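Hi there,

Here is the structure I promised to pass on to you.

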Amino acid sequence: MGETAPLTIQRIAIFPLTGAVLFPGLHLPLHIFEPRYSAMVQEVLARDRQIGMIQPRQLPGEEDREPPALYDVGCVGRIIDVEALDEGRFNLVLEGVARFRVRRELDVTTPFRQVEAEIELEAEEGAVLASIERASLEREAKRFAARQGYVVDWDSVGQLDDATLVNGIAQVAPFDAAAKQALLEATPIDARAELVVQLMQFFGRFDGDDGRATLQ
């Protein structure tokens, strides 16, 4: 977490999901269908509308551990849109609020997991890149998009602030779970931007039998 970022301690309900990494300021749509997470949604809607998105972590020798271990860092998301469906299911949109670091998992009676977490507040507010860093990021993003066959409105991209651009690429690019976790943990924003560039260069190579590179 950032060395100078103010912290607050908070209990949060968590949704461990591999590959679903949320970044501050961005949106993440979710379809909730498991009963335990439907219960979680109902509780947080009545409480603070916040869910901690975090990735489960496989530790050597503990591949069958239940519940699985967690990474140390996740992102708190606030429910900004909810649609209740049949059979207790929900469609949600989360907006990333802040990164958090797990202090300890709580002993709870709820079917979903909860943790005591350090919430990072306003760590990236007003964060900017040097002009050469911004130019390098946009240049590599255009190369990466062209290799992947993406159609991008680059005029709109050029209007994004630095943090939104960096986090947006980090969240939507087809990197593997380990790479996305590394991006979430990278701070400050210029370090994350540098890592984004490195990952676009790495994943832009079509290695492996299935034509995809992986860090795992």
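This is a predicted model: local features need pLDDT of at least 70, side-chain atom pairs count only at pLDDT 80 or more; totals for chains, interfaces and linings use all residues.

The protein has 8 strands and 6 helices. Along the sequence they come in the order β-β-α-β-β-β-β-β-β-α-α-α-α-α, so you can follow the elements by eye using that pattern as the DSSP runs are numbered from the N terminus.

Of the 216 residues in the protein, 42% are buried. As for contacts with a separation of 6 or more, 69% of them are between residues 24 or more positions apart. The accessible surface of the protein is about 11500 Å², and carbon and sulfur atoms contribute 49% of that.

The helix pair I looked at is H4, residues 162-172, with H6, residues 189-203. Their axes lie 10 Å apart and the packing angle is about 40°, which means that H4 is oblique to H6. The crossing of H4 past H6 is left-handed.

Which residues of H4 and H6 meet there? On the H4 side they are Ala 163, Val 166, Asn 167, Ile 169 and Ala 170, and H6 brings Ile 189, Arg 192, Ala 193, Val 196 and Met 200. By type, the residues of this contact between H4 and H6 comprise 8 nonpolar, 1 polar and 1 charged.

Enjoy browsing the model, and do write back with any thoughts.

Best wishes

Notes: Residues are numbered from 1 along each chain as its sequence is written. Side-chain values use heavy atoms; hydrogens and water are left out. Helices (H or I, at least four residues) and strands (E, at least two) are DSSP runs, numbered from the N terminus. Buried means under 20% relative accessible area, exposed over 50%, partly exposed in between (1.4 Å probe, protein chains only). Contact means heavy atoms within 4.5 Å. Accessible areas come from the Shrake-Rupley method with a 1.4 Å probe; for residues, only the protein chains shown count as cover. Axes are lines fitted to C-alpha atoms, for helices over the stretch in contact, and angles run from 0 to 180 degrees between N-to-C directions. Angles under 35 degrees count as roughly parallel, over 145 as roughly antiparallel, 65 to 115 as roughly perpendicular and the rest as oblique. A crossing is left-handed if the near helix is turned anticlockwise from the far one by less than a right angle, and right-handed if clockwise. Ala, Val, Leu, Ile, Met, Phe, Trp, Tyr, Cys and Pro count as nonpolar, Asp, Glu, Lys and Arg as charged, and the others, Gly among them, as polar.
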